[in-house]
Amino acid sequence: MKTVQSTLLLLLLMTLTEPAPPTQQDSRITHEYGTDNFEETIFSQDYEDNYLDGKNIKEKETMIRPDEKSLQVQKDEAVTLLPPKKENDEMPTCLLCVCLSGSVYCEEVDIDAVPPLPKESAYLYARFNKIKKLTAKDFADMPNLRRLDFTGNLIEDIEDGTFSKLSLLEELSLAENQLLRLPVLPPKLTLFNAKYNKIKSRGIKANTFKKLNNLSFLYLDHNSLESVPPNLPESLRIIHLQFNNITSITDDTFCKANDTRYIRDRIEEIRLEGNPIILGKHPNSFICLKRLPIGSYF
């Protein structure tokens, strides 16, 4: 019996004094969980470093680097603001207008004065702008000009010497302006157009047309003329004087009262309609003409 008790006591003591088994499984689990958190932390850090930092870098680059459109706009503005490269004095005009084979087209570009022209210019079309005055300086040293067209501007005044040195000028249009008088005209004109202005008879000098021996076409309709301009040249073919305030004509207006044999055979058309004049009251005024003027006879 004692032997059995001793054996049981010994077994009990061995059980109490046996060291606990190592907690490797718990350590392994803890280590694995910690490893997962570490990897998760590393991924999160990589995400922040690579993505968020990259995003910040892009944002910084966006803030530092201008938009391509902005660069283009700035570039365009820089080009616009920079003065154009000048090869000669005529270049600015040829950038604003169109220069082509001796012709300069400055139509509807809102200029308020005649621009500097290339010296070889023969034709200038400056229609429908805002030009108010023409001066002699506008055409200084421009001997090759043959045609000038200022239709549809705001011209009120023209210096007398403006066209005097243009010895080759053949066609001049000042239609649809604000003129009250006519300047001295160049001698070789074949066409002069000043319709739709405010010209009165006192605004035309007695010798304005006298020496224009090449003038074939004269357009002075829709003005405020009280009489037919005097000393009209023999070369005239077309005369438009309709819609003025002409109240009378004489035997010397178109013909020669003292020469009954005189025939004015070049005139093809005279228009006098729209004037307060009864042409039938002046039959001797047309005796030298091949065709009667257009207008009211009754």
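Predicted model: local features only at pLDDT ≥ 70, side-chain atom pairs only at ≥ 80, totals over all residues.
**View 1. Phe-139 and Phe-150 form an edge-to-face aromatic pair.**
A search of the whole structure finds 5 aromatic pairs. In the pair shown here, the ring centres of Phe-139 and Phe-150 are 6.2 Å apart and the planes meet at 65°, so the arrangement is edge-to-face. Phe-139 sits in the loop between strand 4 (133-134) and strand 5 (147-149), while Phe-150 sits in the loop between strand 5 and strand 6 (157-158), so the pair ties together parts 11 residues apart in sequence. Phe-139 is buried, because its relative accessibility of 4% is under 20%. Phe-150 is also buried, at 0%.

**View 2. Phe-286 and Tyr-297 form an edge-to-face aromatic pair.**
The two rings lie 6.3 Å apart from centre to centre, with 70° between their planes. Both Phe-286 and Tyr-297 belong to the segment after strand 11 (269-271), and 11 residues separate them. Phe-286 is buried, with a relative accessibility of 5%. Tyr-297 has a relative accessible area of 23% and is partly exposed.

**View 3. Lys-256 lies over the face of Tyr-262.**
The distance from Lys-256 to the centre of the Tyr-262 ring is 4.7 Å.

**View 4. A disulfide is formed by Cys-94 and Cys-99.**
The whole structure contains 3 disulfides, according to a search. In this one, the sulfur atoms of Cys-94 and Cys-99 are 2.1 Å apart. The torsion about their S-S bond is about -95°, so the disulfide is left-handed. Cys-94 is partly exposed, with a relative accessible area of 27%, and Cys-99 is partly exposed at 29%.

**View 5. A disulfide is formed by Cys-97 and Cys-106.**
Here the sulfur atoms are 1.8 Å apart. A torsion of about 105° about the S-S bond of Cys-97 and Cys-106 makes this disulfide right-handed. Both cysteines are buried.

**View 6. A disulfide joins Cys-255 to Cys-288.**
The S to S distance is 1.9 Å. This disulfide is left-handed, because the torsion about the S-S bond of Cys-255 and Cys-288 is about -85°. The bond links distant parts of the chain: Cys-255 is in the loop between strand 10 (238-240) and strand 11, and Cys-288 is in the segment after strand 11, 33 residues apart. Cys-255 and Cys-288 are both buried. With bonded cysteines counted along the chain, the disulfides of the protein chain follow the pattern 1-3, 2-4, 5-6.

Definitions and conventions: Residues numbered from 1 in each chain as written. Heavy atoms only, no water. Phe/Tyr/Trp six-rings, centres within 6.5 Å; stacked < 30°, edge-to-face > 60°. Helix = DSSP H or I, 4+ residues; strand = E, 2+ residues; numbered from the N terminus. Buried < 20%, exposed > 50% of the residue type's maximum accessible area, 1.4 Å probe, protein only. Lys NZ or Arg CZ within 6 Å of the ring centre and 35° of its normal. Disulfide = S-S within 2.5 Å.
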